[in-house]
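Visitor: Could you walk me through this model, please?
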Amino acid sequence: MSDRTVPASSDGTAPAELAERALAAATGPCVVLVSTSSEANLRWAASTLTTNGLTSSSETTVVAVHGGDRVGVVTRAGVGPQDVAALVADAEAAARSAQPAEDAAPLVEGDAQDGFAAPPGEVEAADLSVLAGRLGTAFESARNGAHELFGYAEQSVRTTYLATSTGIRRRYEQPTAMVQLNAKSHGRTRSAWAGGAATALDQVDVGAMVGELVQRLGWQARSIELGAGRYDTVLPPSAVADLMLYAYFSSDARSAHEGRSVFGRPGGGTRVGERLTSAPVSLRSDPAAPGLDAAPVVLTGSSSDSASVFDNGLPIGPASWIDRGTLTALPTTRHTAALAGLPFTPAADNLLVDVAGGRGGALDLVRDLDDGLLLTCLWYIREVDPQTLLLTGLTRDGVYRVQGGEVTGAVTNFRFNESPVHMLARVDGAGAPERTLAREFGEYLPRTSAPALLVRGFNFSSVSQAS
């Protein structure tokens with residue numbers, strides 16, 4: 001089954017042309033962002049392909065500035081040439097009636113990038129063909145084995161055009177591919193999950209994922225009774241990515257400076273320069289990281305503690321957030337950098353986690369663990385206390401008992417209560433970083449690299465009946 005969705009107002013007008021028309025219609029300072037998205041997806045159940053589809057969409061955002069410090073922002077989908085003047089007029093009207101913006105600053109000046117007017121990236125059905133072939137092989141093997149395969153895959157490309165009344169013209173194309181794969185035993189009493197992220201679907205090794213899942217289903221053949229408590233635990237890269245992404249999303253400098261986050265000092269100020277852990281853990285972002293490339297300039301249609309519409313077009317460079325255990329920087333806008341007394345360090349749309357000396361993977365850490373647990377992934381993660389970044393959530397699709405360096409069976413799912421920042425002080429082993437997909441937050445930021453971690457005394461607060 002196949003379907004294709006195209007925005008109703010699509011008329012073939014180039015996004016760069018729409019941006020130029022919007023600027024021409026503006027009567028004052030203005031920022032225009034035109035974004036297009038093209039996606040191909042594939043679904044399967046019970047080891048059989050079920051649906052595939054192609055979708056595309058577009059949206060245009062106009063940021064109008066009045067009097068230097070009043071901002072009006074209007075975003076609409078499927079904008080055509082006939083809609084541009086009204087869109088700009090509505091944004092300018094909103095700006096005239098707005099209160100002064102606290103992050104007000106002069107719009108960034110710049111020039112036109114070569115290739116700004118190039119057409120947006122597109123995904124085609126053929127981009128699914130390599131993955132579909134690999135899945136076919138995996139399905140045949142599953143029918144001859146003792147498991148069924150379920151899952152979803154997508155390949156997308158988002159192209160963003162930034163044009164400003166101060167001369168900036170920038171175009172950025174962001175390709176992304178994700179695969180989520182579940183294996184279930186016949187009878188569906190056992191379930192295992194694996195996920196992968198890449199730039200294109202043909203880079204995903206489905207065979208390796210299936211092999212890992214079959215091994216985990218085998219471990220689940222033996223069930224071991226175990227209650228809640230603190231256990232030495234091996235977290236695979238996916239689980240590490242989920243926890244570190246939550247820390248990254250919560251690390252803006254303003255919240256820290258005002259004492260509203262774990263990165264702030266009691267009484268005010270940030271903890272930048274403070275050692276968070278003796279373990280040589282590092283977190284960084286870099287728009288130019290190979291395979292994890294992200295936009296090298298600020299592209300935002302709204303202001304928040306983490307972004308400012310006035311910063312559109314400013315370059316994003318590599319940033320070290322935690323360097324071998326020491327907090328070295330926090331994401332800032334020009335406004336929040338001045339508030340917190342920190343350098344301007346905009347957040348990039350990727351995250352790389354590393355531990356000096358780490359090697360191997362999760363199973364290598366298992367071999368060094370005498371008594372503990374091995375997780376698969378985390379989900380339903382929620383914040384309990386922002387000032388300590390205490391999180392709660394559930395384990396999913398397999399928690400395994402480790403004894404004498406070997407997996408000896410499966411235990412129940414648990415609810416956990418942990419702070420990813422405080423947890424860093426109990427890291428006692430690490431694998432090598434690898435490209436991974438966070439189960440919970442990978443949809444929001446799929447460009448992550450993380451190692452498996454051995455964490456002493458990970459807190460499983462109660463037994464969960466979730467399956």
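Visitor: Which residue in β11 stands opposite I322?
Guide: I322 stands opposite L327. The model is predicted: local features need pLDDT of at least 70, side-chain atom pairs count only at pLDDT 80 or more, and totals for chains, interfaces and linings use all residues. Residues are numbered from 1 along each chain as its sequence is written, and side-chain values use heavy atoms, without hydrogens and water.

Visitor: How many bridges join β10 to β11?
Guide: Two bridges join β10 (residues 319–323) to β11, and these strands run antiparallel. Strands (E, at least two residues) and helices (H or I, at least four) are DSSP runs numbered from the N terminus, and two strands pair if DSSP finds at least two bridges between them.

Visitor: What is the strand order in the open sheet?
Guide: The six strands follow the order β11-β10-β9-β12-β19-β18, with mixed pairing. The edge strands, β11 (326–327) and β18 (434–436), each pair on one side only.

Visitor: Changing topic, which residues lie nearest the centre of the largest pocket?
Guide: They are R158, L299, D349, Y444 and R447, among 46 lining residues. On a 1 Å grid over the protein atoms alone, a pocket is an open set of points where a 1.4 Å probe fits, with protein on both sides within 12 Å along at least five of seven lines; lining residues have an atom within 4 Å of a point.

Visitor: Which element gives the largest share of that lining?
Guide: Strand β5 does, with five residues. Elements giving two or more residues include β5 (147–164) and β6 (169–185).
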